[in-house]
There are 2 protein chains.
Amino acid sequence: MKREILCFDNRPHFRAVSSVVGDKENDGPLSEYFDMYFTDTKIGQLTWEKAETELVRHAIEILFKKSNLRSGDIDIIFSGDLINQCTVSTFGILEQGIPTLGLYGACSTFAEGLLLASSVVNAGYAKRAACVTSSHFCTAERQFRFPIEYGSQKTPTSQSTVTGSGAAIIEAGDVIDEISKVYINNAMIGIPKEMGITDANNMGAAMAPAAADTIIRYFRETNTSAKDYDLVITGDLGYEGHDILKKLLCDSGIYAGENFTDCGIMIYDTKKQDMHAGGSGCGCSATVMSGYFIKQLSQRVLKNILFIGTGALLSPLSVMQGLPIPGIAHLVNIRVD
Amino acid sequence: MKREILCFDNRPHFRAVSSVVGDKENDGPLSEYFDMYFTDTKIGQLTWEKAETELVRHAIEILFKKSNLRSGDIDIIFSGDLINQCTVSTFGILEQGIPTLGLYGACSTFAEGLLLASSVVNAGYAKRAACVTSSHFCTAERQFRFPIEYGSQKTPTSQSTVTGSGAAIIEAGDVIDEISKVYINNAMIGIPKEMGITDANNMGAAMAPAAADTIIRYFRETNTSAKDYDLVITGDLGYEGHDILKKLLCDSGIYAGENFTDCGIMIYDTKKQDMHAGGSGCGCSATVMSGYFIKQLSQRVLKNILFIGTGALLSPLSVMQGLPIPGIAHLVNIRVD
């Protein structure tokens with residue numbers, strides 16, 4: 001029999017979270033929850049890639065400030081981003097000198113990082129592990145679609161890559177404050193799913209089947225259902241992918257009701273801000289989880305959530321070569337008693 | 001105190017390894033050890049990227065054939081490659097439907113995969129975990145340097161990206177044959193190091209400081225020295241990086257003698273094949289470890305080795321933007337009693 005659920009009996013819990021965003025994210029409904037924002041898309045740097053590195057650098061600095069820890073206190077850091085080949089996040093953590101494992105799960109990377117950080121802490125490989133991911137609208141558009149200087153029109157199903165970086169420290173042991181009561185109970189690794197989507201402007205549709213697969217497998221393996229959780233939060237399916245997910249779950253006999261939400265839907269006031277199908281990118285679920293949801297759990301407004309980070313595993317080259325876009329979705333169950 | 005060594009007390013061991021290479025690798029001195037080779041650089045596909053995907057697909061198929069296992073027997077697979085954004089390896093494992101964690105550690109990815117596969121098996125998160133990485137000369141040249149059609153001259157320090165894919169299955173429990181006596185004793189995660197190298201044709205120099213750092217930390221933490229191991233094998237420093245590593249270690253009082261070798265040096269007959277500074281790429285150490293070294297251990301020709309996978313964390317964009325190239329090096333100690 002397959003072991004599909006990673007159980008964390010030693011209660012790996014959050015020590016600190018941080019979130020740094022750009023202007024548009026700060027204009028959205030979650031504005032008050034983020035730790036820092038920048039109005040200049042270049043953050044005083046010469047390139048947008050260096051600006052994205054600055055987002056990571058600040059997210060890490062805030063993390064240390066909040067936790068009263070320093071780089072020497074972190075045994076392992078998991079990092080990743082969308083910019084080939086994960087250079088942005090590497091440069092953002094370089095000066096810290098922490099043992100580093102680079103990840104690539106597209107927009108699911110923050111969930112992948114939380115899953116692995118919890119795994120290594122729970123198993124005792126690390127006393128403390130961190131994870132950090134980032135994305136930037138201008139770096140992602142240039143890489144995956146068109147440089148923004150082209151002024152190309154966006155399609156209705158397109159999502160807007162979040163400018164932001166989110167980070168977290170996971171540790172085991174003593175509960176010292178409200179945030180350290182928030183623990184990762186278990187997790188499930190995603191299986192890549194590909195359903196024939198070839199449109200790089202419809203990430204939601206590419207990722208929804210993977211999200212559905214992970215949720216269905218998780219409910220089956222844990223013998224639970226949606227009503228057992230305060231919220232079931234997908235990473236960045238946006239409006240398009242969220243609707244598809246609900247239909248796919250319905251086809252499998254799972255009712256996805258009011259407690260299903262999505263970080264890509266939440267981060268912008270989509271209509272007022274003209275953000276089409278919502279937000280996406282490695283920084284989307286990272287900032288919404290770190291900025292908003294973990295705080296809601298630490299304040300016990302929420303007590304038991306599923307976070308399903310979703311990623312679209314495309315590259316500009318794979319799309320140009322006519323290949324479809326596989327999706328992946330990693331799940332973590334985050335709780336407070 | 002930092003926990004720098006990941007100890008694997010439950011003896012995660014190899015169940016099977018596989019290696020698939022291209023023409024030039026098959027013309028090299030390790031020819032007889034590889035499981036399969038292709039003379040056509042496109043392996044009958046329309047693009048080199050699809051050909052690289054075929055290398056991965058075949059490596060996985062051989063792995064299952066050798067182990068008499070199927071995809072349902074693998075709980076987690078760690079995969080990665082050099083082509084943005086790890087699309088090649090994703091497509092190579094897609095049809096298997098195995099829970100997948102994508103990695104990015106450049107040419108160190110196979111060591112990162114072995115380290116994480118051993119970690120999850122040792123901790124009981126998985127009964128069996130696999131790892132697979134790949135690279136292809138033509139896809140890597142196009143992405144990182146120039147399309148090979150340009151016929152650009154190579155510099156003396158440049159390395160040749162290996163066309164190949166290597167894979168391994170790690171499991172705990174019963175020792176059933178010679179290869180399952182080969183176990184991963186412990187591991188150490190690399191710290192990114194950047195020493196000002198900006199030349200994308202001198203990967204060896206970019207990676208050597210990270211390799212030196214990991215080796216020095218490992219010897220210190222384990223209170224061992226080079227003479228305690230049959231071989232100390234770096235991933236793909238090539239001739240240039242290997243010389244630099246020896247000098248850096250010498251500066252730290254460590255004599256790197258005859259038992260130091262490098263997969264990038266071993267895979268080609270460098271002079272006869274005109275391969276400049278040697279081989280590199282995610283497929284280099286993956287095929288040399290899977291094809292040659294694990295077999296040497298299973299035959300007890302070697303009994304205790306250090307494998308230090310080395311990666312250069314650059315992208316075409318970071319190089320064009322004038323950024324230096326950080327290196328990283330992950331270590332695994334592989335033994336047979």
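## Close-ups of a predicted two-chain model

**View 1. The largest pocket holds about 680 Å³ of space.** Keep in mind as you look around that this model is predicted. Count up the lining of this pocket and you get 29 residues. If you want to find the centre, look for Asn84(A), Gln143(A), Pro316(A), Asn84(B) and Pro316(B), which lie nearest to it.

**View 2. Chain B meets chain A, with 63 residues from each in the contact.** Together the two chains bury about 5,000 Å², and 64% of that is on carbon and sulfur atoms. How many salt bridges turn up across the interface? The rule finds 0. Polar contacts are another story: 16 residue pairs are found across the interface, with both partners at pLDDT 80 or more.

**View 3. Here's the side of chain B that touches chain A, with helices and strands contributing.** Elements giving two or more residues include the helices α2 (48-67), α3 (87-93) and α4 (109-122), along with the strands β1 (5-7), β5 (100-102) and β14 (327-335). Which element gives the largest share? That's α4(B), with 6 residues. Sorted by type, this side of chain B has 32 nonpolar, 20 polar and 11 charged residues.

Methods
Residues numbered from 1 in each chain as written. Chains lettered and ligands numbered in written order. Predicted model: local features only at pLDDT ≥ 70, side-chain atom pairs only at ≥ 80, totals over all residues. Heavy atoms only, no water. 1 Å grid on protein atoms, 1.4 Å probe; cavity = no way out; pocket = protein on both sides within 12 Å on 5 of 7 lines; lining within 4 Å. Points joined across faces, edges and corners; volume = space filled by probe spheres on them. Contact = heavy atoms within 4.5 Å. Buried area = accessible area lost by both parts, 1.4 Å probe. Salt bridge = Lys/Arg side-chain N within 4 Å of Asp/Glu carboxyl O. Polar contact = N/O pair within 3.5 Å; in protein donor to acceptor, adjacent residues only side chain to side chain. Helix = DSSP H or I, 4+ residues; strand = E, 2+ residues; numbered from the N terminus. Nonpolar A, V, L, I, M, F, W, Y, C, P; charged D, E, K, R; others polar.
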